[in-house]
Amino acid sequence: MPTAVALDSALVDLQTYGCQMNEYDSELARTILGREGFRFVAPDEATDAAGVVLINTCAIRETAHTKIYARLGDLKVRKRAQKDLVVGLLGCMAQNLKTELLERWPSVDFVCGPDAYRHLPHLIAEARSTNRAQHASIELSEYETYEDIAPTRVEGVNAWIAIMRGCNNFCTFCVVPYTRGRERSRDPLGVVEETRRLAADGHKQVTLLGQNVNSYRHDGRDFADLIEMVADVDGIERVRFTSPHPKDFPLKLLRVIAEHPNVCNTIHLPLQSGNDRILKAMNRGYTQEEFLDLAALMRASIPGLTLTTDIICGFPTETDADYEDTVHVVREAAFESAYIFKYSERQGTTAERKFPDDVPDDVKSRRVTELLAVQREIARAKNVAKIGSVERVLIEGASKKDPGQWRARNDGNFIVVFRDPSCAVGDVRDVRIVEATPNTLIGEPVPA
Ligand code: SF4
């Protein structure tokens, strides 16, 4: 049983799990609550004095759920000693499981979905009211883009900018269309204005975020138009984006990437599976051949392209032969890196309703392990081929392993470690690659 530390009612411990969109939403929540006088526990600080604990949750994989349940178990114990502690769950898991979470965890005061963050101050006040009761604020909106709320960013050279919210694609394995609602795009002028402010504040890089950036539309402008407008903002050295969908990738975007030196030559193109039958069951809208043709066109259009991907192993009914099709695409597309996961059934999805999760866990694990080994070998060979080349890097901070070295990123978003006492965070430098591992490049500065 923890000792009863005195609670600071204006102090919020906001913890974030899951994707970059969740990190961005936490930045919005900081602004919304900061306007009402709340302060925040620093990311690396551990304290039981925060009067409010908010957990921004993720519903994409079971591992995220498991971590959050473990955290809720700790908070349940803490709340026995600190009865005035307010506990709120934000994000996709909160939206997806709604009152089920409240029933299972009486120590949770409220759940708040991704379109309801403006209600956070009210939800905290309700939790502190005399007739304390659990609340759920989970309305999805067709319009909410938080356009007027500037995220409170933690310092860094990169700033994330959400250009749209929601998704209309309904891939059968994915909860996002149910937890984040329909697609809505922000006004491009608002995005450009935000980029200008970020540049003025010293940010050198922006990453435009959307569940499927191909669908961005606002007043006749598409994503290629938007990224061009953002790239033209003075002071922005690098523009990145994530993620486009392979089924409707706009070819105009390839031209914009190729023509703008500050738009990074990096595309994250989620494959998910290399087998046509599985792709159809996933409702992905492309075939193996179409994906490989697109990947080849991208490499031909953008010299030095870094192509990365996401893959799911063990989607329902996936046989060893189906999985081998995925291995084939990984070899053919020769991704620079890949996020490879076991399929995990998500509550409320079409896949949960239509397809029993019938691939045994040990088979899923074996496929992930094998595919990771294939991908690691491809990445290692590509990195070794970079030895001797000169890479332009943006310095993000000190290396974790050796604070005497800089941790920087090249255009392809790979970490490059090098030593140069004359540099500072945010500098852009040319570095010659002298050594390579599958995940890191080691360099030495090239004299100016
Ligand atoms: S495109 Fe598919 S995987 Fe991506 S968020 Fe939308 S439904 Fe989910």
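Predicted model: local features only at pLDDT ≥ 70, side-chain atom pairs only at ≥ 80, totals over all residues.
Ser-243 sits in the loop that runs between β13 (238-242) and α8. The peptide bond joining Thr-242 to Ser-243 is cis, with omega at about -5°.

Two packed helices are described by the angle between their axes and the distance between the axes. For α7 (residues 223-231) and α8 (residues 251-259), the axes come within 9 Å and cross at roughly 15°. Angles under 35 degrees count as roughly parallel, so α7 is roughly parallel to α8. The crossing of α7 past α8 is right-handed. On the α7 side the contact is made by Phe-223, Ala-224, Ile-227 and Glu-228, and on the α8 side by Lys-252, Leu-253 and Val-256. Sorted by class, this contact has five nonpolar and two charged residues, and no polar ones.

Helix α11 (residues 320-333) packs against helix α13 (residues 361-385) at an angle of about 15°, and their axes are 10 Å apart. These two helices are therefore roughly parallel to each other. Here too the crossing is right-handed, with α11 passing α13. From α11, the residues Tyr-323, Thr-326, Val-327, Val-330 and Arg-331 meet Arg-367, Leu-371, Val-374 and Gln-375 of α13. By class, the contact of α11 with α13 has five nonpolar, two polar and two charged residues.

The model also has a ligand. Around the ligand are Cys-167, Asn-169, Phe-170, Cys-171, Cys-174, Val-176, Pro-177, Gln-211, Asn-212 and His-245. This shell has six nonpolar and four polar residues, and no charged ones.

Phe-38 lies in the loop between α1 (20-34) and β2 (39-40). Phe-38 has 22 other C-beta atoms within 10 Å, and because 20 or more are needed, Phe-38 is buried. Setting aside residues up to four places away in sequence, Phe-38 touches Ala-10, Val-12 and Leu-33. Val-12 is 26 residues away from Phe-38 along the chain, yet their C-alpha atoms are separated by 6.7 Å.

Val-431 belongs to strand β20 (residues 428-436). Val-431 is buried as well, with 25 other C-beta atoms within 10 Å. Apart from its neighbours within four places in sequence, Val-431 is in contact with Val-390, Glu-391, Val-393, Val-416, Phe-418, Gly-443, Glu-444, Pro-445 and Val-446. Arg-182, 249 residues from Val-431 in sequence, is 44 Å away from Val-431 in space, C-alpha to C-alpha.

Asn-283 is not a glycine, although its phi is positive at about 60°. Asn-283 is found in the loop between α9 (276-281) and α10 (288-301). Asn-283 counts as partly exposed because 15 C-beta neighbours lie inside 10 Å. Asn-413 also has a positive phi, near 75°, in a residue other than glycine. The place of Asn-413 is the loop between β18 (406-409) and β19 (415-418). With 19 C-beta neighbours inside 10 Å, Asn-413 counts as partly exposed, since a residue needs 20 or more such atoms to be buried.

Technical notes
Residues numbered from 1 in each chain as written. Axes fitted to C-alpha atoms, helices over the stretch in contact; angles between N-to-C directions. Helix = DSSP H or I, 4+ residues; strand = E, 2+ residues; numbered from the N terminus. Parallel < 35°, antiparallel > 145°, perpendicular 65-115°, else oblique. Left-handed = near helix turned anticlockwise from the far one by under 90°. Contact = placed C-beta atoms within 7 Å. Nonpolar A, V, L, I, M, F, W, Y, C, P; charged D, E, K, R; others polar. Near = placed C-beta within 6 Å. Buried ≥ 20, exposed ≤ 12 C-beta atoms within 10 Å, placed from the backbone.
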